[in-house]
Structures are given as structure tokens and as C-alpha cells.
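Take a look at the protein shown here. This report walks through some of its parts, one at a time.

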Amino acid sequence: IMKKQVIVILSLVLLVAITLGAYLFVRNNNQEKQKKESEDAAALQLVDFNSSNINKIEIQTPDGDDYTAVIGAESNVWELTEDTDFHINVYFLNSVAGSLCNLTATENLGVATEDIKKQYELDNPYTITLSTDDDSRTLYTGKLTATKEYYYIMSDKSDDVFLVDAKYGDYLRPNKNSLKSIYVQTNQNSQIDQMKLIHNGETVFDLKKKDATSWQMISPIESDFVNVLNINNLQTNIMQLIIDKFGEEHVTEDQYAEYGFDDPAYTFYFSQEDGTETTIYAKDYDTESAQFVECLQKETGQIFYCATSYISFLLAEPADFLSDVIYDADMADVASVQVHIDGETDLNMELDSENKQYTVNDIDVAALGTDAVDALTTLYDNLTGLTTSTLDLTDNVPMEEEPEITLTYNLKDGTTEVITFLAKDKESYYVLRNGEYSGFLAKRTAFTSRNGILEFYHRLEKTIGMTE
């Protein structure tokens, strides 16, 4: 019995030993495998920097262009150390640092011979060097593989050729155009103070800033009654106007015909408070199918292409920037309104909305109750809500004629606004503001139709007892 127990014990010990040995073998084998995988992965990692520590980027192109960008000591943004004739694209350089800081190859193709370098265009490569305070790494980029999935690349830390995903191509093969700012308005810290569009020789609009908050149209018609929202949107569109692709540069005026800009379909101009002027010539294009518009900036001689969706303001109309509201004033700012409609009424409304005191032709409206006050405010709201119908830039307005309708607003600040309506035909009025033609027509039905001004006037008359 004792002998059998010893045999069992020895068998168990042997089994444990075998199991432990197998475990140690597998573990060591896995560790070796993981070590090899880590070493292989490390061998494929071409750059291993923290992007925020990269403070210098040097670029050399096969054409011999050399550029060095550094983080400015005061500006803390990328600056070129060379004097250039273009504004730098700091966003691109940020992307270079962010995209290449941990660049990893997908495959090592082995040592590069001179023949291999020539075959892969690594004998005259694009060169980019990323530097931190403590280290640097230089990458040499050749051509795409036949499948266009990868670039052939070498680094200053190895004699081998690697494959790197083609998605990094823009950052591995930068050129002068890569470094140019893609924003047409290069200085976005200075406010725009004038914007002008000419289409086929005719001025579509010429908008000029009057002061810090207000604008006026100076052509094709002079008017202070502008659509501020659309003007603000136009400024935003200019700020966001980006270049999709660069073409020829340094094109001079005597070369305009060669490039098709001697008689451009569009000329767009804007100036800024710092004195910067930008003039863009644009070729005609199919507004239904074209994806890009070919442009030339006069000041720099740079040809570029913009997506039609970004430069859609070329299709703007004068009316887009003029207010279609004939006159809008908060009742709190108005002391009185006189309404004269030929053959209908002469109405004088005294307004003190702060104290809720109103009179109409010396009738105390407030004393007549809520219905009377509501009838007065409804008429007022509809008067200030009158809108124009059509832009009509005619020079044949009969200014000598007596107006059929006159609205006079006397404001509490002492100013007066006079809106007059001159007969054009049986359907429309010319609208004048303070004796100047606004460029707009108003429909007669705005006064005569159901829910027109006359209906609200008659309701007020009846409510306050001016008529039975």
C-alpha cells in the first residue's frame, strides 16, 4: 500500500511539473512573441513626438524650394523665417505637426540601394524635418505605390524604405501652395468697411460703412435703409471664403488676356479699416452645374479656385441689401404720427406709450378703454410693418407730383422721418424716404385690400367714435 501511495504522489508531482513547464513554455513563448511584435512595431514607428513639443518644421521640395517655420516667441503661432510674398497657413502647419508626430509605417521593404531610391523617386524626395527642443526627425518621401495606397518613405534614422498610408501625402509632400493661407481675407482682425460687386460692367451693389454699427448703399442707388442682417452675413461669407486650389501666381495685368481675365464677368472688391484692399476677378460660370469658380486676385496676381457654394454672393441682387420694410420705429421712440391719404383721411396720433396715453385728432384714446387702444396700436403696427414689393431702379420718378399718401413720424429725439407714396400706375406707388426715391415700389393693395391700412384706419375711426 505504501508503495502505491508513493507512486501516486510521484505521478502527481510529475504532472504538476509537466503542467508548470508547459505553462512556463507558453508564457515565455508569448512574451517572446509580444516582445518581437513590440520591436517590430517600434521599428515601424518613424516619428514619436508630442505634437505640442514640435516647434520647428523645415520643408524642402524637389523643385528646390526651402521653407522653415517656427513657433513665434511672441505670437505663439507658426511663422516663416523667410520673407515671402504670401500669408502663411498656420492651420496647415498645425496639421503637419499633429499628423506626423506619431507617424507609423505599415511595412518595412528593406535596405534602399541607389537603384531602389531612383525607382521610388527617393533620390530627389520631398523632405520634411520636425524638431523639438531635444530631438529632430527627417522624413524623405518619394512616389505613390502602383495601387496609390501608400507612399515610399525613408527617414534619417534608417537606411530602409517604408510604406506609409497615402492619407498622409499632403503633409509629407508639402509645397509653396500648401503653405499659403487658404483664406481670401488674410487679415481677419481688421473690420471690413466697404464691399462692391460689379457684374458684366454694371454695379450690383456698393455698400459702405457709415460708422461702427451702420451701413449705407451708395450704388446703384443711395440709401441708408439697408438690410443689416444680409450685410452682416455678407461680411461673414467673405471672412469664411476659402481657396480650394491655387493656380498660377504673379499674373500681371498684361497677362490677363492670356489667362482669360481681361474682361471678367464679376469684379468683387472689399476694403478693411487697416487700409487693406482686395479685388477679385471671377470668370463666368454655369450657376446650375459648376462646382468651382476660377478667380484672380488683382493685388497679388494669384489665380485660385473657390467652390461655388462659398462664393455664391456673386449672384446677389441689389434688393438683397436694401430693407423691404418701408419704415420701422418702436412706438416708444415716436412722439406723434401724421397720416395723410388723399380723399380718405388726415390723422394725427399723439403717442406716449411709456405712460399709456394716446390721442387721435385730439380724442383721448386711452380714456375710451382697451379696445380703442388696441385699435390704435394695431394701426400703428401695420403702418410700421408696411413693406415694399419690387426694386425699380428707374430715373423717371415724377418727383414734382403731389404724393397720394404721406406718413410723417416725429421722433422723441427731435428727428422727423417722412415717407411719401407717388403714383406709378393703378397697381403701384413709388416709395420716397425724406424726399429721396428709395428704389422700391409698394403695392396699392397694401392700403386698399382687406387687412390693409385703410381697413385698420376705419376700425380705429369707428372704435373711438369718429364715425358711426
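## A residue in a loop

Is V397 buried or exposed? The model is predicted, and in it V397 has a relative accessibility of 12%. Buried means under 20%, so V397 counts as buried.

Where is V397 placed? This residue sits in the loop between β21 (390-391) and β22 (405-411). Beyond its neighbours within four places in sequence, V397 is in contact with L422, Y430, L432 and Y437. Now take T416. V397 and T416 are 19 residues apart in sequence. In space, their C-alpha atoms are 23 Å apart.

## Helix α6

Helix α6 covers residues 228-239, which makes 12 residues. At 1.5 Å a residue, α6 should span 16 Å. Its end C-alpha atoms are 17 Å apart, which agrees. At the start of α6, a side-chain oxygen of N227 comes to within 3.3 Å of the backbone nitrogen of L229.

Which residues of α6 are buried? They are I231, L234, Q235 and I238. These residues cover an arc of only 100° around the axis, so they lie on the same side of α6.

The largest nonpolar core has 41 residues. Which of them touch the most other members? They are M195, F205, L207, F268 and L314. There is also a second, separate core of 38 residues. Among its members are L411, V431, I453 and L454.

Now follow M195. Residues up to four places away in sequence are not counted here.

## Salt bridges

How many salt bridges are there? The count comes to 11. One of them joins K117 and E114, with the closest N and O atoms 3.8 Å apart. Both residues belong to helix α3 (residues 114-119). They are three residues apart, so about one helical turn separates them. K117 is partly exposed, with a relative accessible area of 22%. E114 is exposed, at 58%.

A salt bridge also forms between the side chains of K283 and E294, at 3.0 Å from N to O. K283 lies in the loop between β14 (277-282) and β15 (292-297), while E294 is in strand β15, so the pair ties together parts that are 11 residues apart in sequence. K283 is partly exposed, with a relative accessible area of 24%.

R444 and E404 meet through their side chains in a salt bridge, 3.1 Å from N to O. This pair links distant parts of the chain, 40 residues apart. R444 is in the loop between β25 (436-443) and α9 (445-448). E404 is in the loop between β21 and β22, where V397 is also placed. R444 counts as buried, at 18% relative accessibility. E404 is partly exposed, with a relative accessible area of 24%.

Which residues do shared partners join into one network? Salt bridges connect D85, K176, K180 and E249 in this way.

Technical notes:
Residues are numbered from 1 along each chain as its sequence is written. This is a predicted model: local features need pLDDT of at least 70, side-chain atom pairs count only at pLDDT 80 or more; totals for chains, interfaces and linings use all residues. Side-chain values use heavy atoms; hydrogens and water are left out. Helices (H or I, at least four residues) and strands (E, at least two) are DSSP runs, numbered from the N terminus. Buried means under 20% relative accessible area, exposed over 50%, partly exposed in between (1.4 Å probe, protein chains only). Contact means heavy atoms within 4.5 Å. The expected span of a helix is 1.5 Å times one less than its number of residues. The arc is that of the directions from the helix axis to the C-beta atoms. A polar contact is a pair of N or O atoms within 3.5 Å; within protein, one must be able to donate a hydrogen and the other to accept it, and residues adjacent in sequence count only if both atoms are side-chain atoms. A nonpolar core is a set of buried Ala, Val, Leu, Ile, Met, Phe, Trp, Tyr and Cys residues joined through side-chain atoms within 4.5 Å. A salt bridge is a side-chain nitrogen of Lys or Arg within 4 Å of a carboxyl oxygen of Asp or Glu.
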